[in-house]
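Q: Could we go through the features of this protein one by one, with the general idea set out before each case?

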Amino acid sequence: MVTKKRNALIKKVILIAVVMLISCSGSRSPYGTWVQKADFIGKARNSAVGFSIGGKGYVGTGYDGSYCKDFWEYDPAQNTWTQKADFGGTARNSAVAFSIGSKGYIGTGYDGAYYKDFWEYDPAQNTWTQKADFGGKARKAAVGFSIESKGYIGTGYDGSYYKDFWEYDPVQNIWKQKADFGGAARDSAAGFSIGSKGYIGTGSSGSYCKDFWEYDSAFNTWKQKADFGGAARSSAVGFSTSNKGYIGTGYDGSYYKDFWEYNFVKNVWERKADFGGTARYGAVGFSVGTKRYIGTGYDSVLVRDFWAFDPGGISKSPKPFTFKEQMNVAPKTTVKSNTITVSGIDAAAPVSITGGKYSLNKEEYTSDDGTVKNGDTLTVQLTSSDSSNATSSAKLTIGDVSADFNVTTQFIFTDQTKVPLNTAVTSNIIKVSGFNGEVPIAITGGKYSINGGAYTNASGTVNDGDTVTVQLFSSENNSTTISAKLTIGEISDTFDVTTKEIPGGSDDIFVGGKKCFIATAAFGSPLTGQVEILRKFRDKYLLTNYPGRKFVAWYYRNGPAVANYIEDKPLAKVAVRVALYPLIGFSFILLAGYLPLLIVGLLLSAFLFFLFRPKKLNTD
């Protein structure tokens with residue numbers, strides 16, 4: 001009995017030791033942990049907005065029983081709140097906010113009236129500046145996010161639901177309408193961005209939604225992704241870190257506190273630890289560094305508690321990276337990508353490549369698998385296709401994040417030579433490929449036809465699969481090149497057309513197997529000095545003007561018959577030589593530059609003759 005008790009006690013001690021060892025080992029839950037932070041110092045509220053800049057978070061506007069315009073900064077390092085300059089516009093709730101670089105932006109909203117004004121916050125100066133009004137109609141409960149250097153706002157409500165979508169350029173201070181949101185018109189959706197993609201999901205369109213959509217800013221297209229992992233709802237919180245998206249809390253007649261992580265690479269949702277506060281809607285959220293923050297909202301009463309989420313686990317998913325596509329590349333050429341720097345991973349992550357090679361930290365290029373860590377640099381290399389207008393790709397994968405390096409060769413026109421004068425010439429057919437969606441097409445020096453249609457020189461657009469030909473008129477002069485340059489997207493090539501050489505330019509023109517020049521037949525060889533003088537006279541003084549070219553054309557039509565007639569008649573050849581010598585002499589004097597001296601000499605001789613001519617004798 002004593003032994004059994006002793007064994008049971010030993011087991012308990014071992015179990016406690018194991019639990020303590022695990023708890024002290026530094027491991028983290030893969031579902032994450034919520035930690036309560038300092039309460040938001042402003043009044044409890046819902047439908048506020050938030051964003052982060054650098055290492056700080058910002059919360060402002062909302063509804064606390066009346067509409068708000070106060071604005072607050074949260075310092076995660078100190079866990080403190082500091083009031084900043086009030087929002088520059090009218091007090092409101094249900095606005096939209098995001099940050100671009102070192103500036104924050106708030107716009108749209110509601111205070112009994114709908115708004116479309118748009119404001120920029122400079123944390124360095126603690127000032128607000130009004131910018132160009134939002135490009136769509138005034139509204140509330142829209143969704144917004146930023147992608148790289150641009151901001152985006154879409155959806156919302158003003159008595160009707162909206163699905164229009166707009167891009168803001170802070171440099172130009174202009175709005176540009178983009179492709180409408182891919183789902184149904186709605187309000188109170190959640191949105192965020194990861195890398196070069198934006199995401200919108202959940203919300204209310206008259207019924208609660210859970211569909212989820214991806215916006216590709218490069219191609220201005222929407223694509224439906226896996227539905228949000230939780231129940232359909234509106235007024236949830238949405239935000240992202242460098243490589244993951246998050247949606248949590250919300251309302252569908254009941255309040256929610258579940259919290260979900262979206263993996264954009266795998267297109268899957270994973271439920272994380274439930275939000276640490278009460279179930280609620282109309283909360284505000286943002287991320288700073290590796291922490292995610294949610295606070296304020298409504299859970300049957302207005303609240304102002306504030307919580308931080310640590311996702312747990314060890315991340316081997318880097319911040320999304322991109323390689324710039326290279327166009328108009330020569331075939332069979334070695335091409336190197338831009339250099340990317342690895343960031344956002346907690347430990348060494350695997351790296352692999354297909355379709356090319358990579359260089360780690362400027363070392364030798366390799367296609368072997370390896371590992372990378374934060375701060376490492378990578379460059380991709382591949383060989384372009386040996387075909388024209390063809391795309392080659394290399395895919396680099398770090399952890400579970402991948403990016404393609406695409407290289408497209410230039411399309412190539414086959415130049416044409418020895419074409420007739422002043423003639424319409426059509427190029428070979430090229431096929432448009434390697435693009436995604438419509439791309440511009442333009443031409444200089446000629447016209448183009450798409451899919452066999454009418455030829456035009458007006459700029460237009462083409463799509464993958466279209467065929468294009470180019471047409472131009474050859475020169476009116478011999479041995480002359482005319483060019484037309486076609487540009488599709490960023491790819492261009494020149495179609496060159498060269499007219500035939502000057503007739504007889506090689507002195508080896510044959511008709512019926514015999515030399516056709518009368519002079520060649522008369523003097524017996526095209527290499528004699530007399531024929532050479534006549535050739536130079538033809539090239540310099542006849543073929544350089546229209547009457548001369550007409551005479552030469554007539555001569556080549558009729559000369560062969562005369563040449564054939566005299567070839568076996570010695571006396572005829574002598575007669576032709578005698579007839580040609582005055583022309584040869586004149587040509588020699590003209591080519592040698594002696595003609596002016598000859599004319600002066602003749603005039604002087606005539607003058608002297610008349611001056612000193614013998615006088616008639618007078619017989620008277």
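Q: How many residues does the protein have, and what percentage count as buried?
A: This is a predicted model, in which local features need pLDDT of at least 70, side-chain atom pairs count only at pLDDT 80 or more, and totals for chains, interfaces and linings use all residues. Residues are numbered from 1 along each chain as its sequence is written, and side-chain values use heavy atoms, with hydrogens and water left out. Buried means under 20% relative accessible area, with a 1.4 Å probe and protein chains only; of the 620 residues of the protein, 44% fall in that class.

Q: What does the secondary structure of the protein come to?
A: Helices (H or I, at least four residues) and strands (E, at least two) are DSSP runs, numbered from the N terminus, and here there are six helices and 44 strands.

Q: Where is I153 found, and which residues does I153 touch?
A: I153 lies in strand β11 (residues 150–157) and counts as buried because its relative accessibility is 0%. With contact meaning heavy atoms within 4.5 Å, and leaving aside residues up to four places away in sequence, I153 touches several residues, including F98, F118, F134, V143 and W166; the C-alpha atoms of I153 and V143, ten residues apart along the chain, are separated by 5.7 Å.

Q: At what angle do the axes of α3 and α5 cross?
A: Axes are lines fitted to C-alpha atoms, for helices over the stretch in contact, with angles from 0 to 180 degrees between N-to-C directions; those of α3 (residues 529–542) and α5 (residues 570–592) come within 9 Å and cross at roughly 60 degrees.

Definitions and conventions. Buried means under 20% relative accessible area, exposed over 50%, partly exposed in between (1.4 Å probe, protein chains only).
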